[in-house]
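Please view the sequence and the structure first.

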Amino acid sequence: MSWAGALTRRLLATPAYWWAGMLLAVGIAGLAWVSRTTPVEGALVVRQALVEHRQAGVLQVSEVALPHVWDDQLPRWEGEARYRLPWPAGLSYSGGDQAPLAMLLPRVGARYRVWLNGQEVADRFWSYEGFVDTSLVPQIVHLPRAWLAAEPVDNHIEIEVRGQPLRKSGLSQVQIGRADALVQRHADLMWWQVYVTWMVAAVSLMLGLMALLLWLNTRERLFGLLAAATFAWAVRLGLSPLETPPMSFEVWYYVQKLSFTAYCGFLYLFMWDLFDYRQGLIRSFVNGLLWLGPFWLAVTVYVDSYAMYWIWMAVITLTSAVALVKLFHRARWGLDANQRLTIVFGAATMATGVRDFAVVNMGFPGDADIRWMTVGSLMLMYALGWVMVRRVSAAMEQVRLLNTELSRKVGEREVELQRLFERLRHVESQRVLEAERRRLTRDMHDGLGSQLVQALNVVRGGGPQVDTAAMAAMLHHALEDLRMTLDSLEPMDGDLPTILGTLRQRIAPAMVAAGVELVWQVQEVSPIPGLEARGVLHVFRCLQEVFANVLKHAQAGRVTVSTRDLGGQVELCVSDDGVGLGSLDGGLSGGGGRGMGNIRLRAAELGVLVSFEEVAPGTCVRFLFPLQRHDPAGSG
C-alpha cells in the first residue's frame, strides 16, 4: 500500500490551479461536445429568404442570407421588414405522417408576427406599447396542420419583423420540422441562453454581497472592487433575458451597456490589485473609461448612433486585451496560488469569448445558438469566490498568528507586572508597618510615656514619703492605657459591638468602683468600613475621655451605652443622668474644653460626626459613623 500513500500525498500536494486547469479543460471539452454542429433530427434549416423593406420610402425586395442583421446593412435598416421563407426541400408531411410541425427562431426581433399560407399563427408583442426585444430569448412557433397546403412545395411562410434602433434586429437561420424535436431544441436553447444567465446573475449577486460584507468589515480596496464588478455583472445579466423590461428602451440600453463597462473596468482593477500591479498607463486609462463611460453612453442613446456604440465596444475590447496581456506578462515574475488561479480562469473565460466571436460573427464551425461566454463567466465567478475565500482564510490565519503572538507577549507582560506588583505590595506593606510603628510609638509616647514620666516625677519629688496609693493608681492607669493600645491592634473588621465590648472590660471596674451603674444597650449593627487599628484606638480614646469626664464631673448614677442603625449611618450614644453640660465649668462644658476638643479632633480623623446634647437630666454624646468608606486627610 506504500504506492497508494505516495500517490495520495502527491495528489494532495498538487496546487489548486492545476486542479482548476484540469477541471476547466474537462468543462470546455464538455461545452464543445454539447455545442457541436449536429442537425436536429426531423428538422431542416432555412438559410435564404426574400425580404421586403422600405428604404427612404421606397419598397425594396432582395434575397438575403440568414442570419440577417439589420445593423450590418449600409445604410442601417430601420422600421419593419417582411421575410418570405421557402418551404425546405425534403421536408414532407404527405402520406400517413401526421406528426405536428413547428418552426424554431433562435433570434428574431425586436418584435415579430408570423403567417402561414396567409393565416397569422404567431404575434409576439406586435401591438405592445412598451419596449420589447424578443431576440433575447429563442422563439418557437407551431404550424397548424389544418393551414398547411396539400403539397409542401405550395406552402409559404412570412415573418414580419419590427426592428429597434441600437439593437441587432433581424432574423437568424430558421429551422422547420417535427414539433417534438424542435421543442426539445428550444428547451435546450432556453437553458443555455436564459436559465444559465439567471443562474450566473444569482451567483454574481451572491458573490457581490459577500465581497461587500468583507469590504464593510475590512475596508480593503480589493473586496470593494470585486463587489462593484460582480454587482455590475449581475445587473447586466439580469436585464439580458427580459423580453419586456419594465422601463423604456433608452433606460434599459443605457443601464445594460453601462453595467458591462463597469464590470470590465472594476474586474480589471480587481485583478491588478490582486496582482499588486498598481502602476502603469493602462490602469489610468481604465480609470478614465470608468469616468467617461456614463457620458459616452448617454450621448450614444441621445443621438441614436450605432457607430458610437461600436467605437466604445472596440475601445473596451482593445483595453481588455491589452490589460490581460499585461497581466499575463506580469506572471513571469512569480505569482502566488490566488494569482495563478485567476490567470487560469481568466484565460479560460477569454477563450469562451473568443470562441463565441469566431463562431457567431466569423462563421467558424460550431453551434452559433449556444454561447459559451455566460458559462465562462460563471466559471470566473466561482474562481473569484475561491480567491476571496482563500484571501479571507489567509487573513484569518494571519490574525490567529498575531493573536497568538499577542497572547504570548501579554503573558510575558503579566508575569512582569506580577513581579512588579509583588515588589510594590512588599514596599507598601513595609510602608504600612512603618507608619503603624510610628503611630504606636507616638500613641505610647503621648499616653503611656507621659503617665510614666508623671509617676517618675512623683517618685523623685516625694522622697521617702512617696504616696504609694497615688503611685499605684498612676501605674494602674498606665497599664490600662497600654492594654487599650494593644486591644486596638486586634482585628475587629469594623464590628462596633465587638469594639465596645473590648472597651467595656477596661472601664467596667472603674465604673463599679465609683458607684456608677453601666447600662449596656449595644445591639448588632452594620460593619463600619475603614475602622481598623488606628480607628479603633481613636474610638477607645474618645469613649475613654467621655467616661473619664462622667466620673469626674457629671455626678451621675447611671451611664447608658447604646447603638442602632439609621440607614447609611450607625449611631453610638453615651448618655448619663448627671448635672448636664450647663452646670459644668470644664471638661466637656462650654463647647471649648480640652476634652471636647480632643474628641472632636479624633472623630474628624475618622470622618465621624459627633455632637454633645443636653438630655435633662444629664448629657448625651452622640457619634454617627458613615457606612461608606472614609479616607481621612492626613491619615498614615
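Two strands are said to pair if DSSP finds at least two bridges between them. Helices (H or I, at least four residues) and strands (E, at least two) are DSSP runs, numbered from the N terminus. This is a predicted model, in which local features need pLDDT of at least 70 and side-chain atom pairs count only at pLDDT 80 or more, while totals for chains, interfaces and linings use all residues. Residues are numbered from 1 along each chain as its sequence is written, and side-chain values use heavy atoms, with hydrogens and water left out.

**Four-stranded sheet**

- Four strands form an open sheet in the order β1-β13-β6-β10, with antiparallel pairing.
- At its edges lie β1 (43-46) and β10 (139-143), each of which pairs on one side only.
- The twist from one strand to the next averages 20°; axes are lines fitted to C-alpha atoms, for helices over the stretch in contact, and angles run from 0 to 180 degrees between N-to-C directions.
- Strand β6 (residues 101-105) and strand β13 (residues 174-178) are antiparallel partners over four bridges, and leucine 104 has glutamine 175 in β13 as its bridge partner.
- Helix α3 (residues 179-218) packs on this sheet and touches β1, β6, β10 and β13; contact means heavy atoms within 4.5 Å.
- The direction of α3 makes about 135° with that of β13.

**Six-stranded sheet**

- Another open sheet has six strands in the order β3-β2-β5-β11-β8-β9, and its pairing is antiparallel.
- Its edge strands are β3 (58-65) and β9 (119-124), each pairing on one side only.
- Neighbouring strands of this sheet are turned by 20° against each other on average, direction ignored.
- Strand β8 (residues 111-116) and strand β11 (residues 156-162) run antiparallel and are joined by six bridges.
- Within that pair, valine 114 has isoleucine 159 in β11 as its bridge partner.

- The axes of helix α4 (residues 221-239) and helix α5 (residues 249-274) come within 7 Å and cross at roughly 150°.
- That angle makes α4 roughly antiparallel to α5; angles under 35 degrees count as roughly parallel, over 145 as roughly antiparallel, 65 to 115 as roughly perpendicular and the rest as oblique.
- The residues in the contact of α4 with α5 divide into 19 nonpolar, two polar and three charged; Ala, Val, Leu, Ile, Met, Phe, Trp, Tyr, Cys and Pro count as nonpolar, Asp, Glu, Lys and Arg as charged, and the others, Gly among them, as polar.
- The axes of α5 and helix α6 (residues 281-303) come within 10 Å and cross at roughly 180°, and α5 and α6 are therefore roughly antiparallel to each other.
- Among the α5 residues that meet α6 are Tyr253, Leu258, Phe266 and Trp272, and the α6 side includes Ile282, Val286, Leu290 and Leu297.
- By class, the contact of α5 with α6 has 15 nonpolar, five polar and four charged residues.

- Strand β16 (residues 569-576) is mostly covered, with seven of its eight residues buried; buried means under 20% relative accessible area, exposed over 50%, and partly exposed in between (1.4 Å probe, protein chains only).
- Strand β15 (residues 558-565) pairs with β16 in the antiparallel sense over seven bridges, and valine 559 stands opposite aspartate 576 in β16.
- Three residues lie between β15 and β16 in this hairpin, and glycine 567 in the turn has a positive phi of about 75°.
- Seven bridges also join β16 to strand β18 (residues 619-626), and the two run antiparallel.
- Leucine 572 has phenylalanine 623 in β18 as its bridge partner.

**Glutamate 517**

- Glutamate 517 lies in strand β14 (residues 517-521) and is partly exposed, with a relative accessible area of 47%.
- Not counting residues up to four places away in sequence, glutamate 517 touches Gly557, Arg558 and Val559.
- Glutamate 517 and threonine 560 are 43 residues apart in sequence and 8.4 Å apart in space, C-alpha to C-alpha.

**Whole chain**

- The secondary structure of the chain comes to 13 helices and 18 strands.
- Of the 636 residues in the chain, 43% are buried.
- Among contacts in the chain with a separation of 6 or more, 74% are between residues 24 or more positions apart.
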